[in-house]
Amino acid sequence: ALDEFEARGHINVPHFYARRALRLIPALLFFLLIQVAFATFSGQLAQVMPSVWATLFYYLNWKVYFSLDVAPQFGHLWSLSVEEQYYMVWPVCLLLLLRWRITIPVLLLTVLAVAIHRNRLWNETGNWLLLYLRTDMRLDTLLLGALCAFLWQLKPLAKWFIGGFAGSVLLFLLIAMSLLMDETQGAYYTWGASTVALLGCGLVFNCNPATGNTRGGVLNQAWLEYLGRRSYGLYLWHFPACLWSDNLRPGLATGLVIAIAIALSFVLTEFSWRLVDRAFNRRRHRFSYRSNQA
(Lines give C-alpha, C1' and ligand atoms only; values in the text may rest on other atoms or scores of the structure.)
Protein backbone atom coordinates (compact mmCIF):
# COMPACT_ATOMS: atom_id res chain seq x y z
CA ALA A 1 0.00 0.00 0.00
CA LEU A 2 2.85 2.40 0.83
CA ASP A 3 4.61 1.64 -2.44
CA GLU A 4 1.38 2.25 -4.31
CA PHE A 5 0.81 5.59 -2.57
CA GLU A 6 4.38 6.68 -3.23
CA ALA A 7 4.11 5.75 -6.90
CA ARG A 8 0.59 6.97 -7.63
CA GLY A 9 -0.42 9.28 -4.80
CA HIS A 10 -3.38 7.12 -3.81
CA ILE A 11 -4.32 3.62 -2.66
CA ASN A 12 -6.80 1.50 -4.57
CA VAL A 13 -8.89 0.45 -1.58
CA PRO A 14 -11.15 -2.02 -3.47
CA HIS A 15 -8.04 -3.79 -4.76
CA PHE A 16 -6.69 -3.98 -1.21
CA TYR A 17 -9.89 -5.66 -0.08
CA ALA A 18 -9.77 -7.98 -3.06
CA ARG A 19 -6.25 -9.13 -2.14
CA ARG A 20 -7.28 -9.70 1.48
CA ALA A 21 -10.40 -11.58 0.42
CA LEU A 22 -8.48 -13.91 -1.88
CA ARG A 23 -5.94 -14.57 0.87
CA LEU A 24 -8.38 -15.28 3.69
CA ILE A 25 -11.90 -16.11 2.56
CA PRO A 26 -11.50 -19.22 0.33
CA ALA A 27 -9.63 -21.21 2.99
CA LEU A 28 -12.10 -20.06 5.63
CA LEU A 29 -15.07 -21.12 3.50
CA PHE A 30 -13.49 -24.52 3.00
CA PHE A 31 -12.92 -24.81 6.74
CA LEU A 32 -16.52 -23.85 7.50
CA LEU A 33 -17.85 -26.26 4.88
CA ILE A 34 -16.04 -29.16 6.54
CA GLN A 35 -17.22 -28.07 9.98
CA VAL A 36 -20.84 -27.83 8.83
CA ALA A 37 -20.64 -31.24 7.16
CA PHE A 38 -19.14 -32.78 10.29
CA ALA A 39 -21.78 -31.12 12.49
CA THR A 40 -24.57 -32.33 10.20
CA PHE A 41 -23.25 -35.88 10.31
CA SER A 42 -22.99 -35.78 14.12
CA GLY A 43 -26.40 -34.14 14.63
CA GLN A 44 -24.95 -30.89 16.07
CA LEU A 45 -25.73 -28.49 13.25
CA ALA A 46 -28.14 -26.32 15.27
CA GLN A 47 -25.56 -25.82 18.02
CA VAL A 48 -22.78 -25.03 15.56
CA MET A 49 -24.48 -22.63 13.14
CA PRO A 50 -24.42 -19.51 15.38
CA SER A 51 -20.64 -19.87 15.61
CA VAL A 52 -20.43 -20.47 11.85
CA TRP A 53 -22.24 -17.19 11.11
CA ALA A 54 -20.17 -15.30 13.68
CA THR A 55 -16.97 -16.63 12.11
CA LEU A 56 -18.09 -15.98 8.54
CA PHE A 57 -19.06 -12.37 9.24
CA TYR A 58 -16.17 -11.69 11.60
CA TYR A 59 -17.92 -10.87 14.86
CA LEU A 60 -17.00 -14.01 16.78
CA ASN A 61 -14.90 -12.16 19.37
CA TRP A 62 -17.88 -9.96 20.26
CA LYS A 63 -20.20 -12.97 20.36
CA VAL A 64 -17.90 -14.56 22.92
CA TYR A 65 -17.53 -11.22 24.71
CA PHE A 66 -21.25 -10.78 25.22
CA SER A 67 -22.45 -14.38 25.59
CA LEU A 68 -19.41 -16.63 26.26
CA ASP A 69 -21.15 -18.96 23.82
CA VAL A 70 -19.12 -20.53 21.01
CA ALA A 71 -18.83 -24.02 19.57
CA PRO A 72 -15.50 -25.48 20.81
CA GLN A 73 -13.99 -26.01 17.35
CA PHE A 74 -14.40 -22.28 16.62
CA GLY A 75 -13.00 -20.94 19.87
CA HIS A 76 -9.65 -19.94 18.42
CA LEU A 77 -11.11 -17.91 15.56
CA TRP A 78 -11.95 -14.88 17.70
CA SER A 79 -8.59 -13.41 16.69
CA LEU A 80 -9.47 -13.70 13.00
CA SER A 81 -12.51 -11.53 13.69
CA VAL A 82 -10.30 -8.93 15.37
CA GLU A 83 -7.95 -8.94 12.39
CA GLU A 84 -10.73 -8.54 9.84
CA GLN A 85 -12.46 -5.77 11.77
CA TYR A 86 -9.13 -3.94 11.64
CA TYR A 87 -8.74 -4.54 7.91
CA MET A 88 -12.23 -3.17 7.26
CA VAL A 89 -11.27 0.32 8.42
CA TRP A 90 -7.47 0.50 8.18
CA PRO A 91 -7.04 1.10 4.40
CA VAL A 92 -9.28 4.17 4.45
CA CYS A 93 -7.63 5.48 7.63
CA LEU A 94 -4.17 4.91 6.15
CA LEU A 95 -5.06 6.78 2.96
CA LEU A 96 -6.27 9.79 4.94
CA LEU A 97 -3.23 9.77 7.23
CA LEU A 98 -0.86 9.57 4.28
CA ARG A 99 -2.55 12.48 2.53
CA TRP A 100 -2.40 14.57 5.70
CA ARG A 101 1.23 13.47 6.32
CA ILE A 102 0.58 12.68 9.99
CA THR A 103 0.77 8.90 9.90
CA ILE A 104 3.62 8.17 12.31
CA PRO A 105 2.56 10.64 15.05
CA VAL A 106 -1.04 9.41 14.95
CA LEU A 107 0.03 5.76 15.07
CA LEU A 108 2.36 6.37 18.01
CA LEU A 109 -0.25 8.34 19.94
CA THR A 110 -2.93 5.73 19.25
CA VAL A 111 -0.68 2.90 20.39
CA LEU A 112 0.07 4.78 23.59
CA ALA A 113 -3.59 5.65 24.17
CA VAL A 114 -4.72 2.03 23.73
CA ALA A 115 -2.03 0.77 26.12
CA ILE A 116 -3.04 3.33 28.75
CA HIS A 117 -6.74 2.57 28.24
CA ARG A 118 -6.18 -1.18 28.60
CA ASN A 119 -4.14 -0.62 31.75
CA ARG A 120 -6.89 1.53 33.21
CA LEU A 121 -9.62 -1.00 32.43
CA TRP A 122 -7.59 -3.80 33.95
CA ASN A 123 -7.15 -1.83 37.17
CA GLU A 124 -10.86 -1.01 37.24
CA THR A 125 -12.33 -4.40 36.31
CA GLY A 126 -9.67 -7.12 36.55
CA ASN A 127 -11.74 -9.02 33.98
CA TRP A 128 -9.03 -10.63 31.85
CA LEU A 129 -11.34 -12.46 29.43
CA LEU A 130 -13.24 -9.38 28.34
CA LEU A 131 -10.03 -7.39 27.84
CA TYR A 132 -8.49 -10.31 25.98
CA LEU A 133 -11.27 -10.44 23.38
CA ARG A 134 -12.06 -6.80 22.67
CA THR A 135 -10.95 -5.36 19.35
CA ASP A 136 -10.08 -1.97 20.84
CA MET A 137 -7.78 -3.66 23.38
CA ARG A 138 -5.81 -5.20 20.50
CA LEU A 139 -5.34 -2.12 18.37
CA ASP A 140 -1.93 -1.22 19.76
CA THR A 141 -0.42 -4.52 18.63
CA LEU A 142 -2.00 -4.25 15.18
CA LEU A 143 -0.87 -0.65 14.74
CA LEU A 144 2.65 -1.47 15.89
CA GLY A 145 2.79 -3.87 12.95
CA ALA A 146 1.61 -1.10 10.64
CA LEU A 147 4.20 1.22 12.13
CA CYS A 148 6.93 -1.23 11.09
CA ALA A 149 6.19 -0.44 7.47
CA PHE A 150 7.25 3.16 8.11
CA LEU A 151 10.07 2.63 10.58
CA TRP A 152 12.00 0.04 8.59
CA GLN A 153 12.64 2.74 6.01
CA LEU A 154 14.90 4.36 8.63
CA LYS A 155 18.07 2.42 7.92
CA PRO A 156 20.02 3.57 11.05
CA LEU A 157 17.22 2.25 13.24
CA ALA A 158 16.90 -0.97 11.25
CA LYS A 159 20.60 -1.76 11.63
CA TRP A 160 20.12 -2.33 15.35
CA PHE A 161 17.99 -5.38 14.51
CA ILE A 162 20.13 -6.89 11.76
CA GLY A 163 22.31 -9.91 12.33
CA GLY A 164 22.18 -13.30 13.95
CA PHE A 165 22.90 -12.09 17.49
CA ALA A 166 20.15 -9.47 17.52
CA GLY A 167 17.69 -11.91 15.97
CA SER A 168 18.56 -14.65 18.46
CA VAL A 169 18.07 -12.31 21.42
CA LEU A 170 14.73 -11.11 20.07
CA LEU A 171 13.56 -14.65 19.39
CA PHE A 172 14.66 -15.86 22.84
CA LEU A 173 12.84 -13.00 24.58
CA LEU A 174 9.71 -13.51 22.48
CA ILE A 175 9.57 -17.25 23.21
CA ALA A 176 10.31 -16.69 26.90
CA MET A 177 7.55 -14.11 27.25
CA SER A 178 5.09 -16.27 25.31
CA LEU A 179 5.75 -19.17 27.67
CA LEU A 180 5.87 -17.17 30.90
CA MET A 181 3.12 -14.61 30.28
CA ASP A 182 -0.25 -15.51 31.76
CA GLU A 183 -3.16 -13.86 29.99
CA THR A 184 -5.20 -14.05 33.19
CA GLN A 185 -2.76 -11.80 35.09
CA GLY A 186 -2.37 -8.04 35.09
CA ALA A 187 1.16 -7.97 33.71
CA TYR A 188 -0.12 -9.06 30.31
CA TYR A 189 -2.51 -6.12 30.09
CA THR A 190 -0.32 -3.45 31.66
CA TRP A 191 2.87 -4.01 29.66
CA GLY A 192 3.12 -7.58 28.35
CA ALA A 193 0.94 -7.44 25.23
CA SER A 194 2.67 -4.36 23.84
CA THR A 195 6.11 -5.77 24.67
CA VAL A 196 5.41 -9.01 22.83
CA ALA A 197 4.26 -6.99 19.82
CA LEU A 198 7.43 -4.88 19.92
CA LEU A 199 9.59 -8.01 19.99
CA GLY A 200 7.66 -9.35 17.02
CA CYS A 201 8.28 -6.08 15.17
CA GLY A 202 11.99 -6.43 15.91
CA LEU A 203 11.98 -9.87 14.31
CA VAL A 204 10.28 -8.41 11.25
CA PHE A 205 13.15 -5.92 11.01
CA ASN A 206 15.64 -8.76 11.49
CA CYS A 207 14.23 -10.89 8.69
CA ASN A 208 13.02 -8.39 6.11
CA PRO A 209 15.46 -7.41 3.33
CA ALA A 210 13.77 -3.99 3.17
CA THR A 211 15.80 -3.05 6.26
CA GLY A 212 19.03 -3.64 4.37
CA ASN A 213 19.59 -7.03 5.95
CA THR A 214 21.50 -8.93 3.27
CA ARG A 215 22.80 -11.58 5.68
CA GLY A 216 19.44 -13.14 6.41
CA GLY A 217 17.42 -13.08 9.59
CA VAL A 218 17.23 -15.67 12.32
CA LEU A 219 13.88 -16.86 10.95
CA ASN A 220 15.00 -16.97 7.32
CA GLN A 221 15.02 -20.76 7.20
CA ALA A 222 13.53 -22.91 4.45
CA TRP A 223 11.37 -24.98 6.80
CA LEU A 224 10.05 -21.83 8.48
CA GLU A 225 9.24 -20.33 5.10
CA TYR A 226 7.31 -23.52 4.31
CA LEU A 227 5.36 -23.13 7.55
CA GLY A 228 4.87 -19.43 6.91
CA ARG A 229 3.16 -20.04 3.59
CA ARG A 230 0.80 -22.46 5.33
CA SER A 231 0.48 -20.60 8.63
CA TYR A 232 -3.09 -19.47 7.97
CA GLY A 233 -4.20 -23.03 7.29
CA LEU A 234 -2.43 -24.26 10.41
CA TYR A 235 -4.17 -21.53 12.36
CA LEU A 236 -7.57 -22.63 11.06
CA TRP A 237 -7.12 -26.37 11.47
CA HIS A 238 -4.94 -26.96 14.52
CA PHE A 239 -7.64 -26.53 17.14
CA PRO A 240 -10.28 -28.79 15.55
CA ALA A 241 -7.54 -31.35 14.93
CA CYS A 242 -6.68 -31.26 18.63
CA LEU A 243 -10.33 -31.68 19.61
CA TRP A 244 -10.87 -34.57 17.22
CA SER A 245 -7.68 -36.26 18.36
CA ASP A 246 -8.61 -35.81 22.00
CA ASN A 247 -11.71 -37.92 21.37
CA LEU A 248 -9.35 -40.90 21.07
CA ARG A 249 -8.74 -40.80 24.82
CA PRO A 250 -8.53 -42.77 27.06
CA GLY A 251 -7.56 -45.54 24.69
CA LEU A 252 -4.26 -43.95 23.62
CA ALA A 253 -1.33 -42.46 25.49
CA THR A 254 -1.16 -38.67 25.73
CA GLY A 255 2.00 -38.45 23.63
CA LEU A 256 0.42 -40.44 20.82
CA VAL A 257 -2.71 -38.28 20.88
CA ILE A 258 -0.56 -35.15 20.59
CA ALA A 259 1.37 -36.68 17.69
CA ILE A 260 -1.88 -37.56 15.93
CA ALA A 261 -3.18 -34.00 16.47
CA ILE A 262 -0.04 -32.48 14.97
CA ALA A 263 -0.08 -34.86 12.02
CA LEU A 264 -3.78 -34.27 11.39
CA SER A 265 -3.24 -30.49 11.52
CA PHE A 266 -0.58 -30.71 8.84
CA VAL A 267 -2.56 -33.12 6.66
CA LEU A 268 -5.66 -30.90 6.72
CA THR A 269 -3.58 -27.77 6.16
CA GLU A 270 -1.69 -29.26 3.22
CA PHE A 271 -4.93 -30.50 1.68
CA SER A 272 -6.46 -27.03 2.01
CA TRP A 273 -3.28 -25.41 0.66
CA ARG A 274 -3.18 -27.55 -2.46
CA LEU A 275 -6.92 -27.60 -3.11
CA VAL A 276 -7.90 -24.03 -2.22
CA ASP A 277 -5.27 -21.60 -0.96
CA ARG A 278 -2.67 -21.88 -3.69
CA ALA A 279 -5.13 -21.40 -6.55
CA PHE A 280 -6.68 -18.24 -5.10
CA ASN A 281 -3.37 -16.80 -3.93
CA ARG A 282 -2.17 -16.86 -7.52
CA ARG A 283 -5.01 -14.53 -8.45
CA ARG A 284 -4.03 -11.89 -5.92
CA HIS A 285 -1.40 -10.38 -8.21
CA ARG A 286 -4.17 -9.20 -10.55
CA PHE A 287 -5.09 -6.62 -7.92
CA SER A 288 -1.54 -5.41 -7.30
CA TYR A 289 -0.79 -1.93 -8.56
CA ARG A 290 2.42 -3.23 -10.14
CA SER A 291 0.49 -5.66 -12.36
CA ASN A 292 -1.68 -2.78 -13.59
CA GLN A 293 1.17 -0.42 -14.40
CA ALA A 294 1.15 0.65 -18.00
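What follows is a short chat about a predicted model.

Colleague: What do I need to know about the ground rules?
Modeller: The model is predicted, so local features need pLDDT of at least 70, side-chain atom pairs count only at pLDDT 80 or more, and totals for chains, interfaces and linings use all residues. Residues are numbered from 1 along each chain as its sequence is written, and side-chain values use heavy atoms, with hydrogens and water left out.

Colleague: How many helices and strands are in the chain?
Modeller: The chain has 14 helices and zero strands. Both are DSSP runs, numbered from the N terminus: helices are H or I with at least four residues, strands E with at least two.

Colleague: And how compact is the chain?
Modeller: Its radius of gyration is 21 Å, close to the 19 Å from the globule rule for 294 residues, so the chain is as compact as a globular protein of that length. That radius is over C-alpha atoms, and the rule is 2.2 Å times the number of residues to the power 0.38.

Colleague: What share of the residues is buried?
Modeller: Buried residues are 41% of the 294. Buried means under 20% relative accessible area (1.4 Å probe, protein chains only).

Colleague: Switching to helix 4. Which residues are buried there?
Modeller: Helix 4 covers residues 60-67, and its buried residues are Leu60, Asn61, Lys63, Val64 and Tyr65.

Colleague: What do they pack against?
Modeller: Helix 3 (45-56), helix 5 (78-100) and helix 7 (128-133). Contact means heavy atoms within 4.5 Å.

Colleague: What about phi just after helix 4?
Modeller: Leu68 sits there, with a positive phi of about 55 degrees.

Conventions
Buried means under 20% relative accessible area, exposed over 50%, partly exposed in between (1.4 Å probe, protein chains only).
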